[in-house]
Amino acid sequence: MASGYDRVEVPEDGAPIEVVDPATDELDVPDNPIIPIIYGDGIGSDVGPAAQTVLQAAAEATGRKIHWMRLYAGESAREKYDENLPADTVEAMNEFTVSIKGPLTTPVGAGFRSLNVALRKKLDLYTNMRPTFHLDGVPSPVSRPEQMDMVTFRENTEDVYAGIEWESGSEGVKKVREFVESEMGYDDTMHDGPIGIGIKPISEFGTKRLVRKAIDYALEHDRDSVTLVHKGNIMKFTEGAFRDWGYEVAEEEYGDEVITEDTLWEERDGEPPEDAVVVNDRIADNMLQQVLTRTSQYDVLALPNLNGDYLSDACGAQIGGLGIAPGANIGDGLFLAEPVHGSAPKYAGQDKVNPSAMILSGRIMLEYLGWHDAAELVRDALEETISAKQVTYDIERQISGGTKLSTSDFAGKVAETIHDLA
Ligand code: NAP
């Protein structure tokens with residue numbers, strides 16, 4: 001184990017998780033793993049400790065113990081070390097391979113760039129994975145929320161999130177405009193006057209490794225289909241290329257395990273071979289309505305960065321919203337669990353918000369560790385607590401006869417339920 005961190009205290013009693021094969025995410029996980037945790041900004045200091053309580057309860061109920069290692073980023077790192085993202089934080093996440101974090105605030109317009117995006121880039125966490133399923137008892141804006149059981153795989157490192165953009169009035173924007181208009185021939189495409197310009201890179205490399213993660217997941221978890229979601233009818237050479245490269249992976253790398261929807265109809269009259277994953281594609285705007293109107297037909301979705309951001313939040317709304325929706329960022333042999341929600345500054349430090357999204361993100365982490373028994377306990381205990389109407393404010397305001405609990409009391413109830421169920 002490396003030492004010599006100035007800004008990280010490594011717990012003495014725990015053992016590191018070892019990566020056996022980065023390509024397949026195979027790990028060697030001790031029963032006393034060291035797991036880095038960043039609480040993050042705003043409500044992070046409420047939901048972070050709540051998640052620790054529940055995840056530790058699940059670990060202990062299954063004969064294990066997590067040794068948490070606090071890391072700092074965002075506001076807490078500025079207070080402690082006068083910088084947003086200390087190098088030791090990134091290095092420790094890299095060394096200890098499996099981590100969990102709460103939200104980090106990003107200023108709009110001016111100010112520093114997203115620390116979340118920076119972390120994903122520095123660690124090459126190229127996949128954002130969000131399982132979206134309904135827990136009994138959680139109110140939903142749709143009439144049949146139980147039909148939602150999708151897992152989105154969003155590309156995390158490119159697209160308009162690559163950060164290649166120029167501010168209106170800057171030297172950069174003038175140069176780019178001139179190049180695009182005079183050398184590339186788009187001379188009457190942009191409006192006159194002040195303008196901001198961004199670039200949308202989508203690569204074969206970035207697309208293919210993301211689509212592989214989605215197909216591998218579908219095969220490992222007995223899912224029926226992977227849908228490539230794109231806006232390739234309009235953005236032919238970026239989003240359209242995402243679709244084409246996605247199909248190339250499906251057709252060239254998986255043999256009989258994967259079949260495209262076209263082949264299925266041309267050769268098999270729509271009847272898939274047993275155990276094969278069907279790969280199809282949908283245009284993003286259509287997909288936003290399909291998730292509402294044909295919810296149960298979709299399974300695993302693979303998307304470029306921006307579509308993935310929008311669509312996964314829309315799916316999350318169907319199962320109860322941001323207080324519930326979990327996520328994780330995955331690279332080759334590196335994993336970072338993180339809820340979908342942000343830092344909700346107006347509720348910071350009030351011990352009020354729902355920690356379920358952070359807890360369920362931790363549950364994805366337990367599954368990644370291979371601790372399926374602990375993961376199931378977390379899901380069952382959450383479901384039981386919410387079904388008993390012991391809930392935080394966001395759920396209590398939508399149901400009748402509920403008991404409104406603080407963040408920490410809710411986590412305490414879930415932990416108690418884990419002990420009862422074990
Ligand atoms: P937000 O922090 O997610 O909060 C928006 C609203 O969602 C809250 O006002 C609240 O709604 C509800 N909500 C969020 N988390 C909840 C929870 N745990 N329990 C119950 N309700 C919850 O979104 P935002 O206000 O747009 O963003 C705030 C900051 O977070 C921004 O700086 C943004 O950049 C950052 N952000 C970070 C991440 C990340 O770190 N991965 C992700 C998204 C945003 P009600 O008030 O209606 O109850």
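Biologist: Which residues does I418 touch, leaving out those up to four places away in sequence?
Modeller: A touch, or contact, means heavy atoms within 4.5 Å. I418 touches V54, A57, A58 and A61, and also L377, V378 and A381, not counting residues up to four places away in sequence. Bear in mind that this is a predicted model, where local features need pLDDT of at least 70 and side-chain atom pairs count only at pLDDT 80 or more, while totals for chains, interfaces and linings use all residues. Residues are numbered from 1 along each chain as its sequence is written, and side-chain values use heavy atoms, with hydrogens and water left out.

Biologist: How many residues does the largest nonpolar core have?
Modeller: In soluble globular proteins, nonpolar side chains tend to be buried together. A nonpolar core is a set of buried Ala, Val, Leu, Ile, Met, Phe, Trp, Tyr and Cys residues joined through side-chain atoms within 4.5 Å. Buried is under 20% relative accessible area, exposed over 50% and partly exposed in between (1.4 Å probe, protein chains only). Here the largest core has 88 residues, and I418 is one of those with the most contacts inside it, along with L55, I215, V226, F335 and I386. Helix α1 (residues 44-61) gives this core the most, namely eight residues. Apart from it lies another core of 19 residues, including V8, F96, L123 and L334.

Biologist: Which residues of helix α3 are buried?
Modeller: Helices (H or I, at least four residues) and strands (E, at least two) are DSSP runs, numbered from the N terminus. In α3 (residues 87-96), the buried ones are D88, T89, V90, A92, M93 and F96. Just past α3, T97 has a positive phi of about 65 degrees.

Biologist: At what angle do the axes of α12 and α14 cross?
Modeller: Two packed helices are described by the angle between their axes and the distance between the axes. Axes are lines fitted to C-alpha atoms, for helices over the stretch in contact, with angles from 0 to 180 degrees between N-to-C directions. For α12 (residues 372-387) and α14 (residues 407-421), the axes come within 8 Å and cross at roughly 120 degrees. That makes α12 oblique to α14 (under 35 degrees is roughly parallel, over 145 roughly antiparallel, 65 to 115 roughly perpendicular, the rest oblique). Our friend I418 is among the α14 residues in the contact, with F410, K413, V414, T417 and L421. From α12, residues such as L377, V378, A381 and I386 take part.

Biologist: Is D25 buried or exposed?
Modeller: D25 counts as buried because its relative accessibility is 18%. You'll find D25 in the loop between β1 (18-21) and β2 (26-28). D25 touches K213, I330, G331, D332, G333 and Y368, not counting residues up to four places away in sequence.
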